[in-house]
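Here is my note on the model, point by point. Please read it with the structure open.

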Amino acid sequence: MSDTLFDWEKIEPRTVIPGFHGRFMHSGAMTFVLWQIDAGATLPLHSHPHEQVVHQFEGELEVTVDGLTTVLKPGMVAVVPPNAPHSGRALTACRTMDVFHPLREDYRTGAPSVLQQAMPD
């Protein structure tokens with residue numbers, strides 16, 4: 001494949017935190033993550049300097065951004081502003097795509113992510 005055409009099925013999934021299994025793709029300025037999220041998996045409260053767009057394909061994902069909670073259902077899109085505290089919980093098994101701008105270096109290099117650092121001990 002070239003640097004401009006990607007096949008999700010050929011990208012090996014990685015588990016970043018329990019229940020969040022993602023396939024990661026990076027352009028010059030953005031990071032894309034296609035998540036398979038286990039029912040009941042929780043996303044700890046965290047923030048990052050990236051703008052994040054969450055596109056819900058399958059299942060129901062409860063998200064809280066800056067204290068406002070909503071349930072994302074298939075076809076819905078949420079925008080998380082840079083540095084906004086946010087968290088989530090998969091009410092069902094989910095297939096979700098996150099897009100980050102600018103590029104997430106922690107996801108590109110495999111360095112510990114803000115999600116891993118936000119996990120309770």
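1. A polar contact here is a pair of N or O atoms within 3.5 Å; within protein, one must be able to donate a hydrogen and the other to accept it, and residues adjacent in sequence count only if both atoms are side-chain atoms. By that rule, the side chains of Thr31 and His26 make a polar contact at 3.0 Å. A polar atom of the Thr31 side chain also lies 2.8 Å from the backbone nitrogen of Arg104.

2. Some ground rules. The model is predicted: local features need pLDDT of at least 70, side-chain atom pairs count only at pLDDT 80 or more, and totals for chains, interfaces and linings use all residues. Numbering runs from 1 along each chain as its sequence is written, and side-chain values use heavy atoms, with hydrogens and water left out.

3. Where does Thr31 sit? Thr31 is in strand 3 (residues 31–37); strands are DSSP runs of E, at least two residues, numbered from the N terminus. Thr31 is buried at 0% relative accessible area, where buried means under 20%, with a 1.4 Å probe and protein chains only. Contact means heavy atoms within 4.5 Å. Setting aside neighbours within four places in sequence, Thr31 is in contact with Met25, His26, Asp98, Val99, Phe100, Leu103, Arg104 and Tyr107.

4. Now the aromatics. Rings of Phe, Tyr and Trp (its six-membered ring) pair if their centres lie within 6.5 Å; planes under 30 degrees apart count as stacked, over 60 as edge-to-face and the rest as tilted. The count comes to five aromatic pairs. Among them, Phe24 and Trp35 are edge-to-face, 5.7 Å centre to centre with 80 degrees between the planes. This pair links distant parts of the chain: Phe24 is in strand 2 (residues 20–26) and Trp35 in strand 3, 11 residues apart. Phe24 is buried at 9% relative accessible area, and Trp35 is buried at 2%. Phe20, Phe24, Trp35, Phe100 and Tyr107 form one aromatic cluster.

5. Two arginines deserve a look. A charge sits over a ring if NZ of Lys or CZ of Arg is within 6 Å of the ring centre and within 35 degrees of the ring normal. Arg14 lies over the face of Phe24, 4.1 Å from the ring centre. The charged end of Arg104 sits over the ring of Phe100, 4.7 Å from its centre.

6. Next, the packing. A nonpolar core is a set of buried Ala, Val, Leu, Ile, Met, Phe, Trp, Tyr and Cys residues joined through side-chain atoms within 4.5 Å. The largest has 22 residues; Val16, Phe20, Trp35, Ile37, Leu61 and Tyr107 have the most contacts inside it. Strands 1 (14–17), 2, 3, 6, 8 (77–80) and 10 (94–101) each give two or more residues to this core. Apart from it lies another core of six residues, including Met25, Leu34, Met97 and Val99.

7. Which side chains does His86 reach through polar contacts? The His86 side chain makes one with the side chain of His48 at 3.4 Å and one with that of Gln52 at 3.2 Å. His86 is in strand 9 (residues 86–90) and is buried at 4% relative accessible area.

8. Thr64 lies in strand 6 (residues 61–65). Thr64 touches Thr69, Pro85, His86 and Ser87, not counting residues up to four places away in sequence. The side chains of Thr64 and Thr69 are joined by a polar contact of 2.6 Å.

Note on methods: Helix = DSSP H or I, 4+ residues; strand = E, 2+ residues; numbered from the N terminus. Buried < 20%, exposed > 50% of the residue type's maximum accessible area, 1.4 Å probe, protein only.
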